[in-house]
Amino acid sequence: METSSHEQGISHSLVVDESMTEMGSGNFGCSHYRRRCKIRAPCCDEIFDCRHCHNDSKNSLEVDPLKRHNVPRHDIKRVICSLCNTEQDVQQTCVHCGVCMGKYYCSKCNFFDDDVSKDQYHCDKCGICRTGGNNNFFHCNKCECCYSNLMKESHICVERAMHHNCPVCFEYVFDTTKNITVLPCGHTMHLECVKQMEQHFQYSCPVCSRSYCDMSRVWEKLDQEVASTPMPEMYQNKMVWILCNDCGETSEVNFHIVARKCPNCKSYNTKQTRGGPSSCSSSIEEMVR
């Protein structure tokens with residue numbers, strides 16, 4: 001069957017468009033994104049591979065603290081094609097060479113990315129692009145951030161849960177490119193930072209001090225330690241008040257130099273509030289080594 005010239009023209013156009021989409025794909029970009037354009041930062045009029053490259057450069061320790069700043073992503077107006085070096089207004093296709101500067105493109109965030117395996121989507125309520133697929137996440141209006149659908153019925157709402165710096169590395173969590181984890185208490189931080197805490201035997205939220213994993217075996221070890229460490233007679237009937245970091249209850253308990261157990265939830269993750277000598281107790285860190 002013969003193909004009409006009109007059909008041939010459409011076919012040729014599709015081939016050209018597809019070649020432009022793939023040309024140079026994966027060969028350009030930075031450690032943060034694979035993309036075929038650079039940005040001109042509106043704040044300092046300098047060129048960077050992406051806004052994270054700008055922020056890393058402009059907030060380094062070598063920069064005068066008074067001159068440190070982040071690029072306002074929504075204010076980016078100009079980009080430079082990585083293939084032909086043409087500077088132009090923000091758009092997905094280069095006006096000079098016709099190459100696609102990012103397979104994923106968001107005109108609201110002025111964002112480009114060639115790695116579409118991340119399944120990016122724009123959340124209007126967050127005001128930024130996120131990864132993982134729109135169908136797999138929901139936006140919590142109280143937390144003001146997106147969570148996995150798996151947490152829809154179980155997550156604990158914490159107002160503006162991600163609008164803060166990570167309590168370990170101090171990077172702003174809301175728009176980080178690193179993996180985020182939500183602790184049982186509802187607070188959020190980098191997954192990598194949680195793993196670093198565990199390497200140092202820290203198993204409580206650095207924001208609210210609540211235990212974020214099963215500590216029952218550690219509490220059993222502390223039970224044994226307390227039982228094998230009798231207190232001097234002058235302290236045997238000494239009572240103190242404690243606050244439990246895990247259940248939030250305050251209780252009056254027998255003072256012990258090793259640790260003080262919450263009678264409500266049986267946790268040793270407690271702090272003495274009043275009523276006795278200064279604590280010299282062994283740390284939970286020593287129990288889990």
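Two strands count as paired if DSSP finds at least two bridges between them. The model used here is predicted.

**Exercise 1. Pairing around strand 3**

Task: Which bridges tie strand 3 to strand 4, and how many are there? Start from strand 1.

Solution. 
- Step 1. Find strand 1 at residues 37-40 and strand 3 at residues 78-81. Four bridges link them, in the antiparallel sense.
- Step 2. Check one position. Cysteine 37 lies opposite cysteine 81 of strand 3.
- Step 3. Move on to strand 4, residues 87-89. Three bridges join strand 3 to strand 4, and the two run antiparallel. Isoleucine 80 faces glutamate 87 of strand 4.
- Step 4. Look at the turn. The hairpin of strand 3 and strand 4 has five residues between the strands. There, asparagine 85 has a positive phi near 65°.

**Exercise 2. An open sheet**

Task: Why is one side of strand 14 and of strand 15 left without a neighbour in the sheet?

Solution. 
- Step 1. Write down the order. Three strands make an open sheet, 14-13-15, with antiparallel pairing.
- Step 2. Find the edges. Strand 14 (250-254) and strand 15 (270-274) each have a single partner strand, so one side of each lacks a neighbour in the sheet.
- Step 3. From one strand to the next, the average is 45°.
- Step 4. Inspect one pair. Strand 13 (residues 239-244) and strand 15 are joined by four bridges. Leucine 243 has lysine 271 as its bridge partner in strand 15.

**Exercise 3. The whole chain**

Task: What share of the chain is buried?

Solution. 
- Step 1. Apply the cut-off: buried means under 20% relative accessible area.
- Step 2. Read the share. Of the 289 residues, 35% are buried.
- Step 3. The chain has five helices and 15 strands.

Note on methods:
Residues are numbered from 1 along each chain as its sequence is written. This is a predicted model: local features need pLDDT of at least 70, side-chain atom pairs count only at pLDDT 80 or more; totals for chains, interfaces and linings use all residues. Side-chain values use heavy atoms; hydrogens and water are left out. Axes are lines fitted to C-alpha atoms, for helices over the stretch in contact, and angles run from 0 to 180 degrees between N-to-C directions. Buried means under 20% relative accessible area, exposed over 50%, partly exposed in between (1.4 Å probe, protein chains only).
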